Amino acid sequence: MLAAQGMQAVDGGEADLVVLNTCHIRERAAEKVYSDIGRLRREDGSRPMIAVAGCVAQAEAAEIPRRAPSVDIVVGPQAYHRLPGMIAAAAGGGRALDTDMPAQTKFGALPARRSQGPSAFLTVQEGCDKFCTYCVVPYTRGAEISRPWSAILDEAKALVDMGAKEITLLGQNVNAWADVDGRGLHHLIAALDRIPGLHRIRYTTSHPNDMSEGLIRAHADVEKLMPFLHLPVQSGSTRILKAMNRSHGRDSYLRLIEQIRAARPDIAVSGDFIVGFPGETDAEFAETLGIVAEVNYAQAYSFKYSPRPGTPAAAMDQQVAPEIMDERLQRLQALLNEQQHAFNQASVGRRTDVLIERRGKKPGQMLGKSPWLQSVHVQTGARIGEIMEVEIVSAGPNSVGGRAAAPALAEIAA
Ligand code: SAH
Ligand code: SF4
């Protein structure tokens with residue numbers, strides 16, 4: 001969008017405009033923007049034009065220039081397409097602020113991407129109607145909206161034409177996607193499956209309550225749908241899940257995992273966890289360790305509960321002390337790291353396809369992804385964008401090492 005106005009990306013110091021894209025999900029992420037703004041002042045006292053974008057912009061709006069007067073532009077996530085006009089206004093000496101939430105208009109107004117690597121993200125859904133009591137997303141991103149079928153398929157085809165071999169469908173609750181005719185995400189996946197040249201399909205992030213039978217079946221039926229599922233549970237305690245307004249319990253989550261594994265036995269399951277939700281007891285935290293032990297995660301993200309302004313949980317009694325949260329997070333992460341390492345070790349000896357995504361640090365080394373979303377490094381002459389067969393020969397906590405199992409296509413051609 002800005003390139004169409006003659007702008008180009010440059011390294012930090014010399015930029016005329018800096019856009020800080022922000023996250024409001026936890027306090028630490030939200031506070032970071034203010035220290036980043038401070039660092040943009042140059043030695044001679046001048047500064048670039050500063051735009052704050054994203055969910056902090058949406059949530060704090062006019063509060064941002066009050067706290068950081070050097071900010072020229074505040075633009076919420078649903079108003080990005082209006083950025084060129086806002087820059088013009090700010091260049092004229094004004095301050096521009098836009099946190100409207102006009103559902104849909106943004107996607108139609110954004111220009112098409114002009115280049116694309118082998119692995120592409122494609123937003124199909126935004127917003128959330130679930131109102132978990134700790135979470136700001138329903139307030140910052142608004143109600144759930146689904147982009148229309150034809151716009152998504154057109155964009156997917158364009159991405160493949162530009163070189164994408166893999167598409168990850170994105171949404172705050174991506175499996176809540178539905179079109180006007182009531183078709184769900186699995187119908188969309190079936191349509192993507194028919195695009196020639198597209199080899200891999202993924203989607204994230206999913207909510208347990210929107211895991212339809214059709215979507216579970218797709219994991220058995222659609223070969224291009226990769227055996228990886230990020231399905232956050234947050235806590236292993238049914239009482240805490242209720243207080244979080246998660247609308248699923250411990251048992252219903254475990255049953256769901258069972259069904260998904262029945263459909264696709266080798267699926268790698270990933271999750272999100274919050275420790276120290278208000279009122280969480282030692283015994284309830286132990287239930288989270290217990291559900292982790294039961295599910296056995298291939299990957300996970302875990303966080304200390306962070307009270308967010310305006311959310312019901314922030315006003316709850318019995319906020320958990322920071323030292324207790326620290327200790328719980330350490331114990332949980334130790335277990336999750338152990339599981340991730342074990343998952344990687346269990347794949348040693350396996351032959352699998354790897355999509356090569358970029359060059360590694362060592363000469364001749366390339367980095368790619370396995371179907372289970374593991375980072376794989378391999379010595380090969382294969383080029384970025386190739387899918388090659390690899391035998392996994394070593395495993396670390398965060399990646400695995402592979403050896404070319406069959407000559408890569410590039411080598412055959414040579
Ligand atoms: N829609 C997805 C998650 C989106 S937010 C889902 O419901 O599963 C990403 C993750 O951030 C959440 O899964 C949760 O683990 C974490 N998170 C959200 N609000 C938080 C808060 N107030 N404190 C700590 N972690 C939080
Ligand atoms: Fe936030 Fe996810 Fe809950 Fe929505 S479903 S409120 S995005 S945690």
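E391 is partly exposed, at a relative accessible area of 23% (buried means under 20%, exposed over 50% and partly exposed in between, with a 1.4 Å probe and protein chains only). The model here is a predicted one, where local features need pLDDT of at least 70, side-chain atom pairs count only at pLDDT 80 or more, and totals for chains, interfaces and linings use all residues. Residues are numbered from 1 along each chain as its sequence is written, chains are lettered from A and ligands numbered from 1 in the order written, and side-chain values use heavy atoms, leaving out hydrogens and water.

The partner of E391 is R403, with the closest N and O atoms of this salt bridge 3.5 Å apart (the rule asks for a side-chain nitrogen of Lys or Arg within 4 Å of a carboxyl oxygen of Asp or Glu). R403 sits in strand β17 (residues 399–404) and E391 in strand β16 (residues 387–395), so the bridge ties together parts 12 residues apart in sequence. Helices (H or I, at least four residues) and strands (E, at least two) are DSSP runs, numbered from the N terminus. R403 itself is partly exposed, at 48% relative accessibility.

The structure holds 28 salt bridges. In the pair E31 and R67, the closest N and O atoms are 2.9 Å apart. E31 belongs to helix α1 (residues 27–39) and R67 to helix α3 (residues 63–67), so this pair links parts 36 residues apart in sequence. E31 is partly exposed at 34%, and R67 is partly exposed too, at 44%. R383 and E386 also pair up, at 3.8 Å from N to O; here R383 is exposed at 54%, whereas E386 is buried at 11%.

On to the domains: the protein splits into domain 1 (3–98), domain 2 (107–345) and domain 3 (351–413), with bounds from an automatic or database domain assignment. The centres of domains 2 and 3, taken over C-alpha atoms, are 26 Å apart.
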